[in-house]
Amino acid sequence: MDQNVHVLPQTFYQSTDVVHLAKQLLGKIVISDIEGKITSGIIVETEAYRGPDDKGCHAYGGRYTERTRTMYAIGGTVYVYICYGMHPMFNVVTGPEGDAHAILIRAIEPLNGAEIMLERRNMSFAKTDLTNGPGKLAVSLGITKEMNGSLLYEKESTIYIKSGNIVVEEKDIVSGPRVGMSVHVGPCAHRPWRFYIRDNPWVSKPLVVNYKW
DNA sequence: AAGAGGATGAACT
DNA sequence: GTTCATCCTCTTG
């Protein structure tokens, strides 16, 4: 194996700057190893959610419920919740225990195990909508809500993230408002905390340009 | 106990 | 462009 490729250690996730980490995750490789079925992909799109001052965050204002409990776990914990009653969302918790920050993985570019991904998605041939959305990539990687609370950095983890040889330069990172922020969120909705790799065809949807006037 | 709405996706026209 | 499938979580009463 390439010496430059290794599983991200627990320390990687401990920064309190979740916005910075959301950019750092671009180009990293997420791998699932479920009952011998190995699938992987390059992270090409992320969104940062920063409790408690971010109204877009489930843990806004320090909200602590059965669901948000996972967000307060130590950085490197997997946060999976179900959206719209059916779509699993794969998030990476960051920061020290007690800080409710997380990064939503919104799109990946498939690397290995494409046949397995296709099977999980009930598709017959690969095209970008295999993994160009948070629910889609979670299903293709076999991520379920049962993985909520598991750790990314342990050797036996069924899901983990590696650094590869892909270098994403700042100039190749596009940022914009996060997807799905309701108008009620107010100023937080405009925080440009969605990041993706410029011109990458596997990104969920192109940035919608907002004209202020 | 009930109801609203959501960090979506698929299937339509 | 639109609709709706489908259900969990949170809020309210």
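Predicted model: local features only at pLDDT ≥ 70, side-chain atom pairs only at ≥ 80, totals over all residues.

Modeller: Residues are numbered from 1 along each chain as its sequence is written, chains are lettered from A and ligands numbered from 1 in the order in which they are written, and side-chain values use heavy atoms, with hydrogens and water left out.

Colleague: How many helices and strands does the secondary structure of chain A contain?

Modeller: Helices (H or I, at least four residues) and strands (E, at least two) are DSSP runs, numbered from the N terminus. Chain A has 3 helices and 9 strands, in the sequence pattern β-α-β-β-β-β-β-α-α-β-β-β.

Colleague: What radius of gyration does chain A have, against that of a compact globule?

Modeller: The radius is taken over C-alpha atoms, and the globule rule is 2.2 Å times the number of residues to the power 0.38. For 213 residues the rule gives a value near 17 Å, and chain A agrees with a compact globule because its own value is 16 Å. Of these 213 residues, 50% are buried, that is, under 20% relative accessible area (1.4 Å probe, protein chains only).

Colleague: Which strands are joined to strand E2 by bridges?

Modeller: Two strands pair if DSSP finds at least two bridges between them. Strand E2 (residues 29-34) is joined antiparallel to strand E3 (residues 37-50) by 6 bridges, and antiparallel to strand E7 (residues 159-163) by 4 bridges. Serine 32 stands opposite threonine 39 in E3 and opposite isoleucine 159 in E7. Between E2 and E3 the hairpin has 2 residues, and glutamate 35 there takes a positive phi near 50°.

Colleague: Is E2 mostly covered or uncovered?

Modeller: In a regular strand the side chains alternate between the two faces of the sheet. Strand E2 is mostly covered, with 5 of its 6 residues buried.

Colleague: Against which elements do the buried residues of helix H2 pack?

Modeller: Packing is read from contacts, meaning heavy atoms within 4.5 Å. In H2 (residues 114-121), Ile116, Met117 and Leu118 are buried. The buried residues of this helix pack against E3, strand E6 (101-112) and helix H3 (134-140). Just after H2, asparagine 122 takes a positive phi of about 60°.

Colleague: How many residues surround DNA strand B?

Modeller: A residue is near a strand if one of its heavy atoms lies within 4 Å of it. DNA strand B has 19 such residues, and Tyr81, His87, Asn91, Arg121 and Gly135 are the closest. Strand E4 (78-83), strand E5 (87-94), E6 and H3 each supply at least two residues of this surface.

Colleague: Which residues are around DNA strand C?

Modeller: They are Arg63, Thr65, Arg67, Tyr84, Gly85 and Met86. A polar side-chain atom of arginine 63 lies 3.3 Å from a phosphate oxygen of DNA strand C, whereas a backbone N or O atom of tyrosine 84 lies 3.5 Å from a base oxygen. Of the atoms of DNA strand C within 4 Å of the protein, 68% belong to sugar or phosphate; for DNA strand B the figure is 50%.

Technical notes:
Polar contact = N/O pair within 3.5 Å; in protein donor to acceptor, adjacent residues only side chain to side chain.
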